[in-house]
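Subject: Structure for your set

Here is the structure I said I would pass on. My notes follow below it.

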Amino acid sequence: MHDYRGKLVELPKKGKLLVITDIHGNLKDYEKFMDIWDKFSNNDNHLVLTGDFIHAMGKEKDRSVEVLESVKSRWEKSDNFHVLLGNHEWATVSQTCIYKSGVNQNLNFENLLYEHFGDKCKGKLEEYMKFFKKLPIAVKTDNKVFISHAGPSRDINSLDEIINITADGYLGNAKLFQILWNRSSDYTQKDLESFLKVVGCKVLIVGHTPVDGVKLVGENQLIVSSSYSKGKKAYVELDLEKEIKKGKDVIKMVKYLS
Ligand SMILES: [Mn+2]
C-alpha cells in the first residue's frame, strides 16, 4: 500500500526515479516505457507517470483503456510505481468536459468504455473515478526536485497546501486547477521562484505542454514530453542521490525513447 503524505509523494535520497509524462492513450509508447521500467525496477528505484495517460489527442487509435488497466494494476501492486493526476484524469473525476479540436474527450472516453465493457461500462467508470481520486498530485525528492503534471500554482503558500490540495474537492479549486493546467504563459519567472521556495525545491519538472522532447523554462523548470510531443519523446532518469541546483543538472539525466 502506498504510504503518501496526503497528496504528496516524498522520495528519499536513494536510487533513481524514471519520470514519464503524457502517454495519452498511446499503448505502443506505454509498453516501451514499461519494458524500460521492468529492467530498471528494484527496491530503490522508482517510476512516476505524471498524469494524462488517458485520452488520445491525435489520429492514432485511442488505447486509453488498455493503458489505464495496466497503470492501475501496476500502481496497486508496486509501492515504487507512482502515478500523478493530470488534467485529463481530473476532467473525469470532476465531470468537466474537455475538448481537443472540437472533440469532446470525456464523451470519447465513455464511448470507449462502452466498446470495451458494454453494459458494465458505468461500473467501470465509477471504478476508474475512485482510482483517480486516490492519486497524488506531486512528488518531492530529497534532492529538491518537485514534479507535477503542470504548474506551478500561483496560490500555493506552503507544502501543507499541496498535501491537502484536494480537501476542498476537485471542482472550483483554484490551487488544484492551476497545478493541473498552468502553462508557461500563466505564470511569471517570479511566480516559479516563489513556488519553488515555498515547497523547498530547486527544480520543477512538468509535462502537459507538448515540446520537442524537453524544454528548459528559465533556469529552474523543465518541461518533458514522453509520448504526446512536438517531435522527440523524452523521459528523465533522475538520480535521487546527486545534488540538483538548476534545470541544467536535470537536462544531463534526460533520455530519449527509441
Ligand atoms: Mn495535460
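Which residue in β13 does Tyr 235 stand opposite? The answer is Lys 255.

First, the ground rules. The model is predicted; local features were taken at pLDDT of at least 70 and side-chain atom pairs at pLDDT 80 or more, while totals for chains, interfaces and linings use all residues. Numbering starts from 1 along each chain as its sequence is written.

Overall

The protein chain has nine helices and 13 strands. Both are DSSP runs numbered from the N terminus, with helices being H or I of at least four residues and strands being E of at least two. Along the principal axes, the C-alpha atoms fill a box of roughly 50 × 40 × 35 Å.

Of the 258 residues, 43% are buried. A residue counts as buried if 20 or more other C-beta atoms lie within 10 Å of its own, as exposed with 12 or fewer, and as partly exposed in between, with C-beta atoms placed from the backbone. Among contacts with a separation of 6 or more, 70% are between residues 24 or more positions apart; a contact requires C-beta atoms, placed from the backbone, to lie within 7 Å.

The five-stranded sheet

This open sheet has the order β4-β3-β2-β12-β13 and mixed pairing, where two strands pair if DSSP finds at least two bridges between them. β4 (81-83) and β13 (254-256) are at the edges with a single partner strand each, so one side of each has no neighbour in the sheet. From one strand to the next the twist averages 25°. Axes are lines fitted to C-alpha atoms, for helices over the stretch in contact, and angles run from 0 to 180 degrees between N-to-C directions.

- β3 (residues 46-49) and β4 are parallel, with three bridges, and Leu 47 is opposite Phe 81 in β4.
- β2 (residues 16-20) and β12 (residues 234-239) run antiparallel, joined by four bridges, and Leu 17 is opposite Leu 238 in β12.
- β12 and β13 run antiparallel, joined by three bridges.

The six-stranded sheet

The order here is β1-β7-β8-β9-β11-β10, in an open sheet with mixed pairing. β1 (8-11) and β10 (214-217) are the edge strands, each with a single partner strand, so one side of each is left without a neighbour in the sheet. The twist averages 20° from one strand to the next.

β11 (residues 221-224) runs antiparallel to β10, with four bridges between them. Across this pair, Leu 216 is opposite Leu 222 and Val 214 is opposite Val 224. The two strands form a hairpin with three residues between them, and Gly 218 in the turn has a positive phi of about 60°. β9 (residues 203-206) pairs with β11 in the parallel sense over three bridges, with Val 206 opposite Ile 223.

In a regular strand the side chains alternate between the two faces of the sheet. In β11, Gln 221 and Ile 223 point one way, Leu 222 and Val 224 point the other way, and all are buried.

Helices

The axes of α3 (residues 87-94) and α4 (residues 105-117) come within 10 Å and cross at roughly 80°. That makes α3 roughly perpendicular to α4, a class covering 65 to 115 degrees, against under 35 for roughly parallel, over 145 for roughly antiparallel and oblique for the rest. His 88, Ala 91 and Thr 92 in α3 meet Gln 105, Asn 106 and Phe 109 in α4.

The buried residues of α7 (residues 174-181) are Lys 175, Leu 176, Gln 178, Ile 179 and Leu 180. They pack against α3, β8 (145-148) and α6 (159-163).

Backbone points to check

- The peptide bond from Gly 151 to Pro 152 is cis, with omega near 15°; Pro 152 is in the loop between β8 and α6.
- His 24, in the loop between β2 and α1 (27-40), has a positive phi of about 45° although it is not a glycine. His 24 is buried, with 29 other C-beta atoms within 10 Å.
- His 208, in the loop between β9 and β10, has a positive phi of about 75° and is not a glycine either. His 208 is buried, with 25 other C-beta atoms within 10 Å.

Key
Two residues are in contact if their C-beta atoms, placed from the backbone, lie within 7 Å.
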